[in-house]
Structure formats: structure tokens, C-alpha cells
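Dear colleague,

A summary of the findings follows directly after them.

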Amino acid sequence: MYKALVIGCGNIGAMYDFENNEIQTHTKALVLNGNFEVSVFDANTTLAQKVAQKYQIQAIEEIENLKDYDLVSICSPTETHIHYLEECLEAKVKLIICEKPICYNKLILQSTHNKFANYYSGDVKILVNYPRPFLPAYQSLKKDIQNILQADSLISIIIKYYKGLLNYASHAFNLLEFLLDKRLRFTQTNIFSKAYDFFKEDPTISAFAWWDSVPVHIIGLTKTNFSIFELELYFQNHKILIHSQGNIIDIYQKNEQSYGVFPTQPTKTYQNCLKDYMKYVISHAENMLKDKTIQDNFDGAANINQFLLQIIENK
């Protein structure tokens, strides 16, 4: 039995699935996994007690003796992530799951990144919570793309999102790195609009960029009354639409009968791709605790965070 602590009982910490049967939070996923003795902490002690009572777990009022925990989930506000990351590193917690974005400050993030790489990477693993690469549908999609790329070429990418480049669009960049198995590195970025509509540190940006020879259209929607997270990947003879917040994936293939256009019906569809997504994240975390050879994703996630902060600073 591993000892786990969830810091922060807000939405992703405990609230998203508090009143439903889905598994969308760290706390429920850890409890239902069955191999973790779970404690929770929140600055709002009433909220922490409410969560503890529901799951019959412990609520702690002070964070101390972090070295006693095998896993710590950092689900607190973004401004506090680095503080708790540093405390967990000092205590050499075996596995830290950190919500994204990691940090809004380039210099502070770089300092923590360097400290982790130089002093702690052999003892501590950090898993930044970009869940899609751990989900079965997206792992199958990666194989589909590898097969498509054997005889086809990627020619364009469109990203549609809202609520901040770091908070929401970063999911798209992490997913693209996973699907295409290629480090994100734009050679040219032209920003068309920048609006600080939801987060004072994280604008919603619309831009155009080149990723190697592939054009990337980044469309940040503001003033919306709806949620949006969509990716469109265009190949010479295929297109892949990831829509409904990433819950549905449609793959289209041009054929002789469609006269140069894609058929109206996809040739392959994945549905309910996000169902119980935190179950898969925690299952992967458990495997990381069991098998020290499984790599974490902190280096890649920190690089995406730094890269997007550079775009945000672009005048």
C-alpha cells in the first residue's frame, strides 16, 4: 500500500466528479485504485473535511513530513505549484503529480527544472498531468498516425481552444508531441491577437507558426459561452478531427468514390475517449512507483511551459 497526499481539493483535486460516477479527479482515482492510503489537504479546511468524509480518508491541517508519502498530487492554484514542487523535491517524494501549467514565470521554472535535473532526477519523478497520452484511444490513435505516415504526409495542423495558451492550448502541444513523437519547436510565430480574458498571467492567443515544414494555425476563441478544445490534422489523403473537448476522434480517408473530397462519414471513430481519464493517469503513476525504469514527463512538460511563455512574451 502506497501513501498518497492530494494538495488542493478544488476541481481537479476532488470536485469535478464529486457528484457523479465518472473518475475525473486525483482523489477519487487514488481512492478507487485501491493501492493507495490517501490523505487530502486544502487551505479551506471545511472543503478538505467534506472530501475526507465522502471517501472515508484523512484530512490533514498542516503539510509536514512529506518524506512519509510515496506520491503527492499538487492540485493547488498554479501560483503555488513551484512552492509545493520544491518542498516535495527536498523531501524526495518518490513521485510527484503536478497539475499544469507548472509555472507562469520563466526564471523560476528554469531554476526548478535545473535543480530537478542536477540533484533529484535519480530519486524523484515528476508527472505533469497531461492525461491524453495515457488513454487507450489516444495510444491507438498514435499507432493509426504512424501507419498513415508510412504512405502519407502531414501538411497542416489547426488548434482551436479557449481560456489561455498555457492552461488549455498546452494540452494540444503536449498531445501533438506524443502523437507525432517529435519535440515542439516553432521556427516562426506570428501572433494575431492576445487577450487576457480568463487568467491575468495567461492570455488566449491566436497565431500562425511553422513546426518544421508544417504550418500550425492556433485559434484562441474569446468571449465564448461554450468550451472548446479541437485539433485538426490534415494529411495529403487523410484528415483527423479531435473534437468535443477531445472526447471524440474521427479519421477520414479520401477514396476514389469521393471525387477528391473526404467522405461525409469517418472511416474510423473513437468515442468516449476521455471517460474516467484520471483512472488511467493514476494507474500509470502506480506503474511508475513499481518500475523505476518508466520515465516521467517533466522535462518535456517544462520545455512546453517555457516555450509557451516565450510566445506570450513575444511583442
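**Nonpolar cores**

Beyond its neighbours within four places in sequence, Y138 is in contact with R132, L175, F178, L179, I242, G246, I249, C273 and L274. Please note that the model is predicted. Y138 is among the residues with the most contacts inside the largest nonpolar core, together with I157, I159, F173, F186 and I240. That core has 79 residues, and helix α7 (residues 165-180) supplies the largest share of them, namely 10 residues. There is also a second, separate core of 28 residues, which includes I60, L66, L89 and V128.

Two helix pairs involving α5 were examined.

On the α4 side the contact is made by I82, E86, L89 and E90, and on the α5 side by I108, T112, K115, F116 and Y120. By class, the residues of the contact of α4 with α5 are five nonpolar, one polar and three charged. L89, which takes part in this contact, is also included in the second core.

The second pair is α5 with helix α9 (residues 298-313), which pack at an angle of about 160 degrees with their axes 10 Å apart. Angles over 145 degrees count as roughly antiparallel, and α5 and α9 are therefore roughly antiparallel to each other. The crossing of α5 and α9 is likewise left-handed. From α5, the residues in contact are K106, L109, Q110, H113 and F116; from α9, they are F298, D299, A302, N303, N305, Q306, L309, Q310 and E313. The contact of α5 with α9 comprises five nonpolar, six polar and three charged residues. F116 of α5 takes part both in the contact with α4 and in the contact with α9.

**The surroundings of F36**

F36 lies in strand β2 (residues 36-41). Its relative accessible area is 6%, so F36 is buried. Although F36 and A4 are 32 residues apart in sequence, their C-alpha atoms are 6.1 Å apart in space.

With kind regards

Conventions
Residues numbered from 1 in each chain as written. Predicted model: local features only at pLDDT ≥ 70, side-chain atom pairs only at ≥ 80, totals over all residues. Heavy atoms only, no water. Contact = heavy atoms within 4.5 Å. Helix = DSSP H or I, 4+ residues; strand = E, 2+ residues; numbered from the N terminus. Nonpolar A, V, L, I, M, F, W, Y, C, P; charged D, E, K, R; others polar. Core = buried A, V, L, I, M, F, W, Y, C linked by side-chain atoms within 4.5 Å. Buried < 20%, exposed > 50% of the residue type's maximum accessible area, 1.4 Å probe, protein only. Axes fitted to C-alpha atoms, helices over the stretch in contact; angles between N-to-C directions. Parallel < 35°, antiparallel > 145°, perpendicular 65-115°, else oblique. Left-handed = near helix turned anticlockwise from the far one by under 90°.
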